Amino acid sequence: MEAASNGAADSNGASHNLVAPAPRDAQAITKLLASMGVEQYEPRVVNMLLEFTHRYVVQVLKEANIYSEHAGKTELDVADVKLAIQSRVDTSFTQPPPREFLVDLARNKNVGPLPKIDFRPGVRLPPEQHCMTNTNYQMPPSDSGFAPSGSGDKVAHQPSRMPAQPLQTGPLGQPRVQFGFGGQ
């Protein structure tokens with residue numbers, strides 16, 4: 001039978017599109033978008049909002065379950081869910097700074113003139129201290145770490161013997177890890 005397909009024909013030969021109704025949650029998201037004045041959107045937006053909502057609810061309920069277990073209760077109650085929502089709001093959603101603060105910050109920053117533009121060919125990069133192209137590590141000089149072999153085109157590695165050193169600890173008592181390079 002063709003009734004299971006999208007384009008079913010009736011006894012007169014006219015075809016009808018059979019579209020399954022959207023799930024209740026998808027209908028709620030669609031109504032929410034319409035109530036906010038959103039008239040045009042891609043169909044994927046509903047799916048994305050459904051996924052976000054599902055993930056948020058699952059995380060809140062897991063957190064509420066943890067609070068309930070910590071309190072020694074066997075079932076979730078409204079107080080646990082409210083606490084989980086409040087802790088998530090406190091950590092996930094932040095308010096932007098007030099507009100007046102941002103205007104003051106922009107006014108103070110814009111007091112000074114912009115730096116002069118250097119008219120030279122090529123890519124203009126900021127000063128070296130602001131670039132991520134600086135070397136961000138230091139290698140100790142090595143007398144015996146890598147030595148050229150007899151042929152000159154290969155490099156032979158000679159393992160170094162590290163002298164035994166006492167274990168050093170950090171400010172919280174955790175051991176510090178040290179790596180020896182070459183002649184250290």
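Visitor: Which residues of α1 are buried?

Guide: Buried means under 20% relative accessible area, exposed over 50%, and partly exposed in between, using a 1.4 Å probe and protein chains only. In α1 the buried residues are Ala26, Ile29 and Leu33. Down the axis of α1, these buried residues fall within an arc of 60°, so they line one face of the helix. The arc is that of the directions from the helix axis to the C-beta atoms. This is a predicted model, in which local features need pLDDT of at least 70 and side-chain atom pairs count only at pLDDT 80 or more, while totals for chains, interfaces and linings use all residues. Residues are numbered from 1 along each chain as its sequence is written, and side-chain values use heavy atoms, with hydrogens and water left out.

Visitor: What covers the buried residues of α1, and which exposed residues are on the face turned away?

Guide: The cover includes α2. The face turned away from the buried side carries Arg24, Lys31, Ala34 and Ser35, which are exposed.

Visitor: How is the span of helix α1 checked?

Guide: Helices are DSSP runs (H or I, at least four residues), numbered from the N terminus. The expected span is 1.5 Å times one less than the number of residues. Helix α1 (residues 24–35) has 12 residues and should span 16 Å; its end C-alpha atoms are 16 Å apart, which agrees.

Visitor: What follows α1?

Guide: Glycine 37 follows α1, and its phi is positive, near 85°. Methionine 36 lies in the loop between α1 and α2. Methionine 36 counts as exposed, because its relative accessibility is 61%.

Visitor: Which residues form the nonpolar patch with methionine 36?

Guide: Patches are made of residues with over 30% relative accessible area and no salt bridge; like charges are joined within 9 Å, and nonpolar side chains (Val, Leu, Ile, Met, Phe, Trp, Tyr) within 5 Å. Accessible areas come from the Shrake-Rupley method with a 1.4 Å probe, and for residues only the protein chains shown count as cover. Here Leu32, Met36, Val38 and Tyr41 form a nonpolar patch on the surface, with about 370 Å² of accessible area together.

Visitor: How many salt bridges are there?

Guide: A salt bridge is a side-chain nitrogen of Lys or Arg within 4 Å of a carboxyl oxygen of Asp or Glu. The count by this rule is 6. In one of them, the side chains of glutamate 42 and arginine 44 meet at 3.0 Å, N to O. Glutamate 42 is partly exposed at 45%, and arginine 44 is exposed at 55%.

Visitor: Which residues are linked in a network of salt bridges?

Guide: Lys73, Asp77 and Asp80 are linked in this way. Between lysine 73 and aspartate 80, the closest N and O atoms are 3.0 Å apart. Lysine 73 is partly exposed at 32% relative accessibility, whereas aspartate 80 is buried at 5%.

Visitor: Where do arginine 107 and aspartate 104 lie?

Guide: Both lie in helix α4 (residues 99–109), 3 residues apart, about one turn of the helix. Arginine 107 is partly exposed at 49%, and aspartate 104 is partly exposed at 41%.

Visitor: Is glutamate 63 buried or exposed?

Guide: Glutamate 63 counts as buried, because its relative accessibility is 19%. This residue lies in helix α2 (residues 43–70). Contact means heavy atoms within 4.5 Å. Leaving aside neighbours within four places in sequence, glutamate 63 is in contact with Ala84, Ser87 and Arg88.

Notes: Helix = DSSP H or I, 4+ residues; strand = E, 2+ residues; numbered from the N terminus.
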